[in-house]
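Here is a walk through one protein model, taken a piece at a time. Keep the structure in view while reading.

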Amino acid sequence: MLKNDLFLRAARGEATERPPVWLMRQAGRILPEYRALRARLSGFKELVETPELAAEVTIQPIDALDVDAAIIFSDILVVPDAMGLPYEMVESRGPLFPTTIKSAADIDKLRIPEPEEGLGYVLEALRITKKALNGRVPLIGFAGAPFTILAYMVEGHGSKTFSKARGMLYREPALAHRLLAKITATTVAYLKAQVAAGAQVVQVFDSWAGILPPAHYTEFSARYIAEICEALAPLVPVTVFAKGAWWAVPEFAAMPCRTIGLDWNQTPAHVRAEAGDKTLQGNLDPCALYGTPAQVRAATETMLRQFAGGPHIANLGHGVYPDTNPDNVRVFVETVKTWRGGKF
């Protein structure tokens, strides 16, 4: 039994007395307790792959920020890692794949792992977290959208253009679809296992959605996200967050996802008109948290007014930036928690 079920009710589209609030990347570098823990370890991957530590970090923002939901501490790149394409996390540079996908033979070498075998450490972290939360707040599971995962597997690292990955879509579309199908099958099994391990909502992150032209987004991303939503929606509410893909809202509206996440360049009223009765999540500019407390409060209230009239989960339009003052995050959270201007 949940002591605070506000987030779960909003994620189902039910009426709430105020919007629930959480932040993407809330478990991480903004918190001094996280930095202290990381300093004792060899690196990011050790933290992700040690269930007890991942659970501890997941719960830190519940204690420190009093948000309405926990999201398991992990990374979207655990999926290609489990498929047989390992990544490294290079300090100050981000993810790096020593080997990339270039050919059909490379795709043939990839496996679709049993979740407990290849990703058991994430599932164990979920089980530990669920028990430790003891019903305080709901627990969110997540995975990367198949195209975003393909982008890293083909490019080998983060990029402004992902030109290698995008080039594959033009030169060898059949090859791209083979890879996307394999990623999707892995992701569906993984998210179902997350639900079995305790996740009450799952979110699909399409971090690089905005680099694709709309026709390519429909062909190489949205269709695979829809497949994930169709598989998971009978189990738990599903959220889709596709950064930069403002044109794709009608496609998301037709999917069985329950919530659509907005980045800070989207207008809530426009999305609401296209999304029907979906719950909307977002979408404060993360840089707004660099302002004074009064400015943070005002920006948050402006955002909340824009979402009035339908189900809303308050969040940022992207992950919280690591140099954000935690006190300003608390102002954001407290402003939402005291808001009564937009009951739904």
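**Helices, core and sheet**

In this predicted model, helix H9 (residues 146–155) packs against helix H11 (residues 173–197) at an angle of about 115°, and their axes are 9 Å apart. The crossing of H9 and H11 is right-handed. On the H9 side the contact is made by Pro146, Phe147, Ile149, Leu150, Met153 and Val154. On the H11 side it is made by Ala176, Leu179, Leu180, Ile183 and Thr184. Sorted by class, the contact of H9 with H11 has ten nonpolar residues, one polar residue and no charged residues.

Next, the nonpolar core. The largest one has 127 residues, and those touching the most other members are Trp22, Leu23, Leu150, Leu179, Tyr217, Leu289 and Phe332. H11 supplies the largest share of this core, eleven residues. Two of the names have come up already: Leu150 of H9 and Leu179 of H11 are part of the helix contact. Phe332 can be followed in detail. Leaving aside residues up to four places away in sequence, Phe332 touches Val21, Leu23, Leu284, Leu289, Val296, Thr300, Met303, Asn315 and Leu316.

The strands come next. Seven of them form an open sheet with parallel pairing, in the order E1-E4-E5-E6-E7-E8-E9. Why is one side of E1 and of E9 left without a neighbour in the sheet? Strand E1 (70–71) and strand E9 (312–316) stand at the edges and each has a single partner strand, so one side of each has no neighbour there.

Strand E6 (residues 238–242) has partners that can be traced on both counts of pairing. Strand E5 (residues 201–206) runs parallel to E6 and is joined to E6 by five bridges, with Val204 opposite Val240. E6 also pairs in the parallel sense with strand E7 (residues 259–261), over three bridges, and here Val240 stands opposite Ile260.

In a regular strand the side chains alternate between the two faces of the sheet. In E6, Val238, Val240 and Ala242 point one way, while Thr239 and Phe241 point the other way. Are the residues of E6 buried or exposed? Five of its five residues are buried.

Note on methods: Residues numbered from 1 in each chain as written. Predicted model: local features only at pLDDT ≥ 70, side-chain atom pairs only at ≥ 80, totals over all residues. Heavy atoms only, no water. Axes fitted to C-alpha atoms, helices over the stretch in contact; angles between N-to-C directions. Helix = DSSP H or I, 4+ residues; strand = E, 2+ residues; numbered from the N terminus. Left-handed = near helix turned anticlockwise from the far one by under 90°. Contact = heavy atoms within 4.5 Å. Nonpolar A, V, L, I, M, F, W, Y, C, P; charged D, E, K, R; others polar. Core = buried A, V, L, I, M, F, W, Y, C linked by side-chain atoms within 4.5 Å. Buried < 20%, exposed > 50% of the residue type's maximum accessible area, 1.4 Å probe, protein only. Pairing = 2+ DSSP bridges.
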